[in-house]
Amino acid sequence: MAVTLKDVAERAGVSRSAVSRTYTEGASVSPKTRKKIEKAAADLGYSPNALASSLTTGRTKMIGLVSNNFHNPIFLEVFDLFTRGLQDRGLRPLLVNLTDETDAENSVRMLRQYSVDGVIVASSTLPASFAEAFRAAGVPVVHSFGRHAVSPKVNVIGINNISAGRLAAKTLVARGYKRVGFLGGPRSATSTQDREKGFVTELATASDVAVTTSAATAYSFDAGRAEMQRLLAEGAPAEAYFCGDDVLSIGALSAIEDAGLRVPEDIGIIGLNDMEMASWENINLTTIHNPLKDIIAKSIELVAAIVDDTTITPKAHLFDCSVIERGTLRPLP
């Protein structure tokens, strides 16, 4: 038989309400009583029932963590950081896969069925309407890796993807490349749109540099490989490419190697994210560091704050990027 709250109360010689208050955050109970209850609970092997506690407090401490890009290896890192960070704060992550989901309202209905206290939308490819639908339904929400806006409708945590595109362009120009290309993810993704915009806008100031752009069907290895194969088959590829993220870059590297070309001697590659795989010796990818740890820590801090105070005005919280030098671009002159 499971040990109950009543059993602990009888063992400690206190009321059941005293036991309940002991395990209710913010409730008042004297140190002497708390000590007696905790000893009785330890002796009996009692653990408070989180679901029963939620009925009393009106809080489940459950945070919906939703995304749609589970095939991208970087999300193993992202979900690891999110789940550990939430659990460290006494919150419970509910991981939801929104791949192929096109109706934001369906997502809201799904999460509300679980009575989540808040939601983190962890995606750069889900439309802003998904996060906005949660806010409209009264669910505290943070959009991690969302699109920067001066006056966002929900709290957005991430990087300025236009600035990241500019940084990639400056990096290639500094190395003397005269024919450069952008190989992005799906055109529908705001991250693709903004990274391309920053890249092309920056290169417009370099009159002696020719620019081409293309898009893969997804942020995936296979899509990056297929798009680079197509570019190589057309002939006269660029001297260097800014790929929309690291997994696209790794797919592109595979296609270049299969074509008998060398990196960086024949074609240079710079990625974005600085995922763990990018530093592997057989990949050694030059990339733009996306400060995932900082973004995720801020997202968790903010969603917890919004749960307690829903009047917090939405803001965009942006982190700086930096180039990580490895071996897929020619060195600076």
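A nonpolar core is a set of buried Ala, Val, Leu, Ile, Met, Phe, Trp, Tyr and Cys residues joined through side-chain atoms within 4.5 Å; buried means under 20% relative accessible area, exposed over 50%, and partly exposed in between (1.4 Å probe, protein chains only). The model is predicted, with local features requiring pLDDT of at least 70 and side-chain atom pairs pLDDT 80 or more, while totals for chains, interfaces and linings use all residues. Residues are numbered from 1 along each chain as its sequence is written, and side-chain values use heavy atoms, with hydrogens and water left out.

**View 1. The whole protein chain.** The protein chain has 12 helices and 12 strands; helices (H or I, at least four residues) and strands (E, at least two) are DSSP runs, numbered from the N terminus. Its C-alpha trace spans about 85 × 40 × 35 Å along the principal axes. Of the 333 residues, 47% are buried. Contact means heavy atoms within 4.5 Å. Among contacts with a separation of 6 or more, 72% come from residues 24 or more positions apart.

**View 2. The largest nonpolar core.** This core holds 64 residues, of which F82, F199, M228 and I269 touch the most other members. Helix α12 (residues 292-308) gives the most to the core, with 8 residues. Neighbours within four places in sequence left aside, F82 is in contact with L65, I120, A122, S144, F145, I296, S299 and I300. A second, separate core has 20 residues, including V66, A133, F134 and V139.

**View 3. The six-stranded open sheet.** The order of the 6 strands is β2-β1-β3-β4-β5-β11, and the pairing is parallel. Two strands pair if DSSP finds at least two bridges between them. At the edges lie β2 (92-97) and β11 (316-319), each pairing on one side only. Neighbouring strands of this sheet are turned by 20° against each other on average, direction ignored. Axes are lines fitted to C-alpha atoms, for helices over the stretch in contact, and angles run from 0 to 180 degrees between N-to-C directions.

**View 4. Strand β1 and the helices on the sheet.** Strand β1 (residues 62-67) pairs with β2 in the parallel sense over 6 bridges. G64 has L94 in β2 as its bridge partner. Helix α5 (residues 74-88) packs on the sheet and touches β1, β2, β3 (118-122) and β4 (141-144). The direction of α5 makes about 170° with that of β1. Helix α7 (residues 128-136) lies across β3 and β4, and runs at about 165° to β4.

View 5. The 14 residues of α3 (residues 31-44) should span 20 Å at 1.5 Å a residue, and the end C-alpha atoms are 20 Å apart, which agrees; the expected span is 1.5 Å times one less than the number of residues. I37, A40 and A41 of α3 are buried. Seen down the axis of α3, the buried residues fall within an arc of 100°, so they line one face of the helix; the arc is that of the directions from the helix axis to the C-beta atoms. These buried residues pack against α1 (5-12) and α2 (16-22). On the face turned away from the buried side are the exposed residues P31, K32, K35, K39 and A42. G45 follows α3 and has a positive phi, near 75°.

**View 6. Strands β6 and β7.** In β6 (residues 179-184), 5 of the 6 residues are buried. β6 pairs with β7 (residues 210-215) in the parallel sense over 6 bridges. G181 stands opposite T212 in β7.
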